[in-house]
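Me: Hi! Could you walk me through this one?
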Amino acid sequence: MAINFDSALGIHEHAVNARVRRAEVLANNLANADTPGYKARDIDFRSMLEQAEAASGFEMARSHANHMSVGDGGGADGELLYRVPQQPSVDGNTVDTQQEQSRFMRNAMDFQASFQFLNSKFTGLSKAIKGE
(Lines give C-alpha, C1' and ligand atoms only; values in the text may rest on other atoms or scores of the structure.)
Protein backbone atom coordinates (compact mmCIF):
# COMPACT_ATOMS: atom_id res chain seq x y z
CA MET A 1 0.00 0.00 0.00
CA ALA A 2 1.50 3.31 -1.11
CA ILE A 3 1.68 6.28 1.24
CA ASN A 4 0.20 9.49 -0.09
CA PHE A 5 1.87 12.39 1.72
CA ASP A 6 -0.96 14.78 0.91
CA SER A 7 -3.47 12.62 2.76
CA ALA A 8 -1.01 11.61 5.47
CA LEU A 9 0.10 15.14 6.37
CA GLY A 10 -3.26 16.80 5.96
CA ILE A 11 -3.49 20.55 5.95
CA HIS A 12 -0.54 21.01 8.32
CA GLU A 13 2.05 21.30 5.55
CA HIS A 14 0.09 24.13 3.92
CA ALA A 15 -0.42 25.85 7.28
CA VAL A 16 3.33 25.88 7.97
CA ASN A 17 4.04 27.35 4.53
CA ALA A 18 1.36 30.02 5.04
CA ARG A 19 2.82 30.95 8.43
CA VAL A 20 6.30 31.28 6.91
CA ARG A 21 4.97 33.57 4.17
CA ARG A 22 3.09 35.69 6.72
CA ALA A 23 6.22 35.98 8.88
CA GLU A 24 8.08 37.39 5.86
CA VAL A 25 5.35 39.98 5.24
CA LEU A 26 5.18 41.03 8.90
CA ALA A 27 8.98 41.27 9.11
CA ASN A 28 8.92 43.47 6.01
CA ASN A 29 6.38 45.72 7.71
CA LEU A 30 8.61 46.02 10.78
CA ALA A 31 11.65 46.74 8.63
CA ASN A 32 9.80 49.61 6.94
CA ALA A 33 8.29 51.10 10.09
CA ASP A 34 10.19 54.37 9.55
CA THR A 35 9.81 54.55 5.76
CA PRO A 36 7.63 57.52 4.79
CA GLY A 37 4.54 56.52 2.82
CA TYR A 38 4.96 52.79 3.44
CA LYS A 39 1.64 50.94 3.69
CA ALA A 40 1.48 47.95 6.06
CA ARG A 41 0.50 44.69 4.35
CA ASP A 42 -0.78 41.35 5.59
CA ILE A 43 -1.86 38.00 4.20
CA ASP A 44 -5.36 36.66 4.52
CA PHE A 45 -4.50 33.35 6.20
CA ARG A 46 -8.06 32.08 5.93
CA SER A 47 -8.13 32.43 2.13
CA MET A 48 -4.74 30.71 1.84
CA LEU A 49 -6.00 27.83 3.96
CA GLU A 50 -9.22 27.56 1.95
CA GLN A 51 -7.17 27.42 -1.25
CA ALA A 52 -4.98 24.68 0.24
CA GLU A 53 -8.03 22.76 1.41
CA ALA A 54 -9.55 22.89 -2.06
CA ALA A 55 -6.28 21.80 -3.70
CA SER A 56 -5.79 18.94 -1.22
CA GLY A 57 -9.35 17.70 -1.19
CA PHE A 58 -9.84 18.64 2.47
CA GLU A 59 -12.77 20.92 1.86
CA MET A 60 -15.03 21.67 4.78
CA ALA A 61 -18.64 20.72 4.32
CA ARG A 62 -21.74 22.01 6.07
CA SER A 63 -23.53 19.15 7.75
CA HIS A 64 -26.58 21.26 8.64
CA ALA A 65 -28.33 24.08 6.80
CA ASN A 66 -27.96 26.43 9.79
CA HIS A 67 -24.15 26.15 9.89
CA MET A 68 -22.11 29.14 8.74
CA SER A 69 -20.59 29.07 5.28
CA VAL A 70 -16.82 28.86 4.99
CA GLY A 71 -16.12 30.93 1.87
CA ASP A 72 -16.13 34.44 3.31
CA GLY A 73 -12.37 35.07 2.99
CA GLY A 74 -11.01 38.42 1.79
CA GLY A 75 -8.12 37.99 -0.62
CA ALA A 76 -7.90 35.24 -3.16
CA ASP A 77 -4.83 33.00 -3.39
CA GLY A 78 -3.33 34.48 -0.23
CA GLU A 79 -2.74 37.81 -1.89
CA LEU A 80 -1.28 40.67 0.08
CA LEU A 81 -3.85 43.03 1.48
CA TYR A 82 -3.32 46.53 2.84
CA ARG A 83 -4.02 47.00 6.52
CA VAL A 84 -6.36 49.78 7.64
CA PRO A 85 -4.42 51.91 10.14
CA GLN A 86 -5.88 52.70 13.54
CA GLN A 87 -3.84 55.87 13.75
CA PRO A 88 -1.99 56.84 10.57
CA SER A 89 1.15 58.91 10.87
CA VAL A 90 1.78 62.33 9.35
CA ASP A 91 4.26 60.92 6.80
CA GLY A 92 1.70 58.40 5.46
CA ASN A 93 3.28 55.32 7.03
CA THR A 94 0.61 52.90 8.32
CA VAL A 95 2.88 50.56 10.32
CA ASP A 96 2.11 50.43 14.04
CA THR A 97 5.27 48.86 15.46
CA GLN A 98 3.69 47.47 18.62
CA GLN A 99 0.81 45.86 16.75
CA GLU A 100 3.17 44.43 14.12
CA GLN A 101 5.38 42.93 16.83
CA SER A 102 2.32 41.42 18.49
CA ARG A 103 1.13 39.93 15.20
CA PHE A 104 4.62 38.62 14.47
CA MET A 105 4.85 36.88 17.84
CA ARG A 106 1.34 35.41 17.48
CA ASN A 107 2.28 34.14 14.02
CA ALA A 108 5.47 32.61 15.48
CA MET A 109 3.43 30.75 18.12
CA ASP A 110 0.95 29.57 15.47
CA PHE A 111 3.87 28.43 13.31
CA GLN A 112 5.29 26.46 16.24
CA ALA A 113 1.93 24.76 16.82
CA SER A 114 1.56 23.88 13.12
CA PHE A 115 5.14 22.62 13.05
CA GLN A 116 4.51 20.39 16.08
CA PHE A 117 1.42 18.92 14.39
CA LEU A 118 3.44 18.27 11.24
CA ASN A 119 6.28 16.74 13.27
CA SER A 120 3.87 14.39 15.05
CA LYS A 121 2.53 13.27 11.65
CA PHE A 122 6.08 12.44 10.49
CA THR A 123 6.81 10.65 13.77
CA GLY A 124 3.68 8.54 13.32
CA LEU A 125 4.58 7.73 9.71
CA SER A 126 8.10 6.78 10.76
CA LYS A 127 6.78 4.45 13.45
CA ALA A 128 4.34 2.90 10.98
CA ILE A 129 7.13 2.25 8.46
CA LYS A 130 9.36 0.69 11.15
CA GLY A 131 6.45 -1.40 12.45
CA GLU A 132 6.55 -0.02 15.99
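Me: How many helices and strands are in the chain?
Reply: The chain has 4 helices and 2 strands, running α-α-β-α-β-α from the N terminus. Helices (H or I, at least four residues) and strands (E, at least two) are DSSP runs, numbered from the N terminus. This is a predicted model, where local features need pLDDT of at least 70, side-chain atom pairs count only at pLDDT 80 or more, and totals for chains, interfaces and linings use all residues. Residues are numbered from 1 along each chain as its sequence is written, and side-chain values use heavy atoms, with hydrogens and water left out.
Me: Which residues make up the largest nonpolar core?
Reply: Ala15, Ala18, Val25, Ile43, Phe45 and Met48. Such a core is a set of buried Ala, Val, Leu, Ile, Met, Phe, Trp, Tyr and Cys residues joined through side-chain atoms within 4.5 Å; buried means under 20% relative accessible area, with a 1.4 Å probe and protein chains only.
Me: And which helix gives the largest share of this core?
Reply: H2, with 3 residues.
Me: What does Phe45 touch?
Reply: Leaving out residues up to four places away in sequence, Phe45 touches Ala15, Ala18 and Arg19. Contact means heavy atoms within 4.5 Å.
Me: New topic: is Glu100 buried or exposed?
Reply: Glu100 counts as buried because its relative accessibility is 1%. Glu100 sits in helix H4, residues 97–130, and its contacts, not counting residues up to four places away in sequence, include Leu26, Asn29 and Arg83.
Me: What share of the whole chain counts as buried?
Reply: 27% of the 132 residues.

Definitions and conventions
Buried < 20%, exposed > 50% of the residue type's maximum accessible area, 1.4 Å probe, protein only.
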